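Please look over the chain shown here. A short briefing on its fold and on a few of its residues comes after it.

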Amino acid sequence: MKYESEILKVMHQDAKEAYKIGAITEARMREYDEMCIKNYKTAKESSSIYNNDNVVEQNQ
């Protein structure tokens, strides 16, 4: 996964942890995805980063 910047990478990783424990919703997590991941809409079409309500790591 490619990030827009190093700061956004850290922010996205923190959001993933919050999502995993239920502190933020899937909708909110997708907002972080759109903001932080470079070419998110293209990546989203090729494969899902979500599986059974858990965030699944893609190649970084």
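The points below go from the whole chain to single residues.

This is a predicted model, in which local features need pLDDT of at least 70 and side-chain atom pairs count only at pLDDT 80 or more, while totals for chains, interfaces and linings use all residues. Residues are numbered from 1 along each chain as its sequence is written, and side-chain values use heavy atoms, with hydrogens and water left out. The chain holds 3 helices and 2 strands. Helices (H or I, at least four residues) and strands (E, at least two) are DSSP runs, numbered from the N terminus.

**Whole chain**

- Starting at the N terminus, the order of elements is α-α-α-β-β.
- The chain has 60 residues, and 28% of them are buried. Buried means under 20% relative accessible area, exposed means over 50%, and partly exposed lies in between (1.4 Å probe, protein chains only).
- Among contacts with a separation of 6 or more, 49% join residues 24 or more positions apart. Contact means heavy atoms within 4.5 Å.

**The helix pair α1 and α2**

- Two packed helices are described by the angle between their axes and the distance between the axes.
- The axes of α1 and α2 come within 10 Å and cross at roughly 165°. That makes α1 roughly antiparallel to α2. Axes are lines fitted to C-alpha atoms, for helices over the stretch in contact, and angles run from 0 to 180 degrees between N-to-C directions. Angles over 145 degrees count as roughly antiparallel, under 35 as roughly parallel, 65 to 115 as roughly perpendicular and the rest as oblique.
- The crossing of α1 past α2 is left-handed. A crossing has this hand if the near helix is turned anticlockwise from the far one by less than a right angle, and is right-handed if clockwise.
- On the α1 side, the meeting residues are Leu8, Met11, His12, Ala15, Lys16 and Tyr19. On the α2 side, they are Glu26, Met29, Tyr32, Asp33, Met35 and Cys36.

**The nonpolar core**

- The largest nonpolar core has 10 residues: Met1, Tyr3, Leu8, Ala15, Tyr19, Met29, Tyr32, Cys36, Ile37 and Tyr40.
- A nonpolar core is a set of buried Ala, Val, Leu, Ile, Met, Phe, Trp, Tyr and Cys residues joined through side-chain atoms within 4.5 Å.

**Residues in α1**

- Leucine 8 sits in helix α1. Its relative accessible area is 18%, so leucine 8 is buried. Beyond four places in sequence, leucine 8 touches Tyr3, Met35 and Cys36. Leucine 8 and methionine 35 are 27 residues apart along the chain, with 7.9 Å between their C-alpha atoms.
- Alanine 18 also belongs to helix α1. It is buried because its relative accessible area is 19%. Setting aside neighbours within four places in sequence, alanine 18 contacts Ala23 and Ile24. Its C-alpha atom is 8.8 Å from that of methionine 29, 11 residues apart along the chain.

- Arginine 28 is part of helix α2. With a relative accessible area of 40%, arginine 28 is partly exposed. Arginine 28 and alanine 15 are 8.9 Å apart, C-alpha to C-alpha, and 13 residues apart in sequence.
- Asparagine 39 falls in the loop between α2 and α3 (40-46). Its relative accessibility is 55%, so asparagine 39 counts as exposed.
- Asparagine 39 is not a glycine, although its phi is positive, at about 55°.
- The C-alpha atoms of asparagine 39 and glutamate 4 are 8.8 Å apart in space, and the two are 35 residues apart in sequence.
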